Amino acid sequence: MNNSLSYPPARLAWTVWGLGAALYLFAFFQRVAPGVMTAELSIDFGLSASALGNLSAFYFYSYVAMQIPTGILADNLGPRRLLTWGALVAGLGTLFFAFSGSLTLAAIGRLLIGGSVAVAFVCMLKLANHWFVPRQFALASGIALFTGIVGAVFAGVPLHLLVDAFGWRTVMAYSSIFPIVLAFFIWFMVRDDPAEKGFQSHVSHQENIDKNPWARAISGLVVVFRYRNTLLLSIVPGGMVGSILTFAGLWGVPFLTTHHGLSKSDAAAVCSAMLIAWAIGGPIFGAMSDRIGQRKPLYVLGCGINTLCWGLVVLMPALPVIGLITLLLIAGFSSGSMIIGFAYAKESVPTKLAGTVSGVVNMGVMMGPMILQPAVGWMLDRGWQNEQLDGVRTYNSAAYQSGFMLMVAWVLLAFIMILLTKETGAKQVEV
């Protein structure tokens with residue numbers, strides 16, 4: 001390394017990283033978009049609740065499957081190539097979804113979208129490692145979650161208004177322009193390392209590319225599960241994230257409109273507010289955990305509050321609207337405690353396995369909505385009383401209660417699991 005070179009200017013570093021963050025924004029947009037299009041999708045494809053939940057979950061099927069491969073591909077291909085191809089495929093998948101003439105084709109579109117945008121988060125972290133000084137890494141991670149939530153907010157009231165005005169297919173088709181254009185900006189402006197633009201890298205050593213990365217990934221997976229915290233910390237966030245994305249990302253709007261008298265716009269705004277509360281809660285819980293030098297107490301507190309809130313929402317269907325919304329916002333905020341899990345898991349295994357365990361925890365995070373969205377739909381169909389409104393199935397309060405009990409069961413399990421974890425004291429485990 002030539003020490004006479006200067007580090008990249010902040011504006012350039014944030015621009016490079018920001019283009020990766022833009023794909024993450026689109027990922028969150030697509031993650032929760034079906035929540036305000038439930039009626040339109042149900043009519044177009046003749047969907048039951050379980051079929052709608054499954055269609056939405058196809059995004060998560062491929063997203064989860066790509067978590068481990070993405071880390072390996074980012075190391076071997078580099079973030080620039082991976083982000084470029086990810087953005088292109090996301091755009092094509094969105095077009096495929098928009099013009100699909102059958103449920104099967106729509107599911108393939110969702111599958112393409114989920115698998116392609118799955119590269120965004122890992123690539124953002126890798127770019128941050130090379131382009132930012134170490135003290136900015138945590139800031140970049142926090143802004144990453146905020147950027148994602150911005151995408152989710154766009155998939156709330158703004159998307160609802162556009163779908164009402166132009167139809168879901170037209171809106172989805174036009175939204176595909178964003179990732180396709182983004183792919184060209186990434187290709188021409190992003191570089192894997194500042195050295196490619198004549199600046200000094202923040203990585204102090206040349207990274208060695210593993211000649212057999214797939215074998216190492218498999219062996220790493222085997223080893224990390226020998227540590228008790230790994231399994232526990234991969235189950236816990238699935239309950240909290242699964243619940244908030246199942247409610248705010250799919251079933252919340254129809255539930256709030258049919259059983260609490262909210263307009264579709266107001267219901268979408270409540271769901272967006274839950275996601276914003278989640279985004280605010282994450283950095284607060286993370287900072288407090290760093291400050292006290294412990295992981296378990298605040299994670300237990302967050303899980304406990306989350307369990308209580310969802311339990312009250314589901315078991316007390318006659319709650320006044322203001323009370324219901326308050327509980328939903330607190331549930332969203334307390335879900336932010338799951339951010340502690342990444343540091344907690346990383347500290348629970350040897351340093352060389354930190355990347356592997358992070359991928360395992362992130363898979364656990366996304367398995368929550370992947371399982372709960374179709375499972376809640378299946379429970380809704382079981383309780384369906386052959387009622388329809390404007391050609392769309394409607395479900396009574398008992399059906400929603402039975403479906404949402406699955407969410408309560410998982411967050412309760414999460415609370416029990418977090419109690420069983422071993423505190424790290426915010427220090428890396430010694431081998």
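## Ser 289 in helix H14

Ser 289 has a relative accessible area of 0%, so this residue is buried. The model described here is predicted. Ser 289 belongs to helix H14, which covers residues 264-292. Beyond its neighbours within four places in sequence, Ser 289 is in contact with Gln 294, Arg 295, Leu 298 and Ile 340.

## How H9 packs on H14

Two packed helices are described by the angle between their axes and the distance between the axes. For helix H9 (residues 157-166) and H14, the angle is about 150° and the axes are 8 Å apart. H9 is therefore roughly antiparallel to H14, since angles over 145 degrees count as such.

## Aromatic pairs

The structure holds 21 aromatic pairs. One of them joins Tyr 24 and Phe 28. Their ring centres are 5.4 Å apart and their planes stand at 75°, so the pair is edge-to-face. Both residues lie in helix H1 (residues 10-32). They are four residues apart there, so about one helical turn separates them. Tyr 24 counts as buried because its relative accessibility is 8%. Phe 28 is also buried, with a relative accessible area of 2%.

Tyr 395 and Tyr 400 make another pair. Here the ring centres are 6.3 Å apart and the planes are at 85°, so this pair is edge-to-face too. Both tyrosines are buried. Tyr 395 and Tyr 400 also belong to one aromatic cluster, together with Phe 247, Phe 255, Trp 310 and Phe 404.

## Arginines over tryptophan rings

Two arginine-tryptophan arrangements follow. The charged end of Arg 80 sits over the ring of Trp 187, at 3.7 Å from the ring centre. Arg 393 lies over the face of Trp 384, and its distance from the ring centre is 3.7 Å.

## Gly 311 in helix H15

Gly 311 is part of helix H15, residues 296-315. Is Gly 311 buried or exposed? Its relative accessible area is 12%, so Gly 311 is buried. The cut-off for buried is under 20%.

Not counting residues up to four places away in sequence, Gly 311 touches Met 316 and Val 408. Gly 311 and Ser 243 are 68 residues apart along the chain, and their C-alpha atoms are separated by 12 Å.

## Leu 83 in helix H5

Leu 83 sits in helix H5, which spans residues 79-98. At 0% relative accessibility, this leucine counts as buried. What does Leu 83 contact, leaving aside its neighbours within four places in sequence? The partners are Gly 20, Leu 23, Val 119, Ala 120, Cys 123, Leu 127 and Ile 186.

Leu 83 and Met 316 are 233 residues apart in sequence. In space, C-alpha to C-alpha, they are 45 Å apart.

## Phe 342 in helix H17

Helix H17 (residues 340-347) contains Phe 342. Leaving out residues up to four places away in sequence, Phe 342 touches Ser 358, Val 361, Asn 362 and Val 365. Phe 342 and Cys 123 are 219 residues apart in sequence, with a C-alpha to C-alpha separation of 17 Å. Cys 123 is one of the residues in contact with Leu 83.

Most residues other than glycine have a negative phi. Asn 386 has a positive phi, near 60°. Asn 386 is found in the loop between helix H18 (354-382) and strand S1 (388-389). With a relative accessible area of 64%, Asn 386 is exposed.

Ala 426 has a positive phi as well, near 60°. Where does Ala 426 lie? It is in the segment after helix H19 (397-419). Ala 426 has a relative accessible area of 27%, so this alanine is partly exposed.

Note on methods:
Residues are numbered from 1 along each chain as its sequence is written. This is a predicted model: local features need pLDDT of at least 70, side-chain atom pairs count only at pLDDT 80 or more; totals for chains, interfaces and linings use all residues. Side-chain values use heavy atoms; hydrogens and water are left out. Helices (H or I, at least four residues) and strands (E, at least two) are DSSP runs, numbered from the N terminus. Buried means under 20% relative accessible area, exposed over 50%, partly exposed in between (1.4 Å probe, protein chains only). Contact means heavy atoms within 4.5 Å. Axes are lines fitted to C-alpha atoms, for helices over the stretch in contact, and angles run from 0 to 180 degrees between N-to-C directions. Angles under 35 degrees count as roughly parallel, over 145 as roughly antiparallel, 65 to 115 as roughly perpendicular and the rest as oblique. Rings of Phe, Tyr and Trp (its six-membered ring) pair if their centres lie within 6.5 Å; planes under 30 degrees apart count as stacked, over 60 as edge-to-face and the rest as tilted. A charge sits over a ring if NZ of Lys or CZ of Arg is within 6 Å of the ring centre and within 35 degrees of the ring normal.
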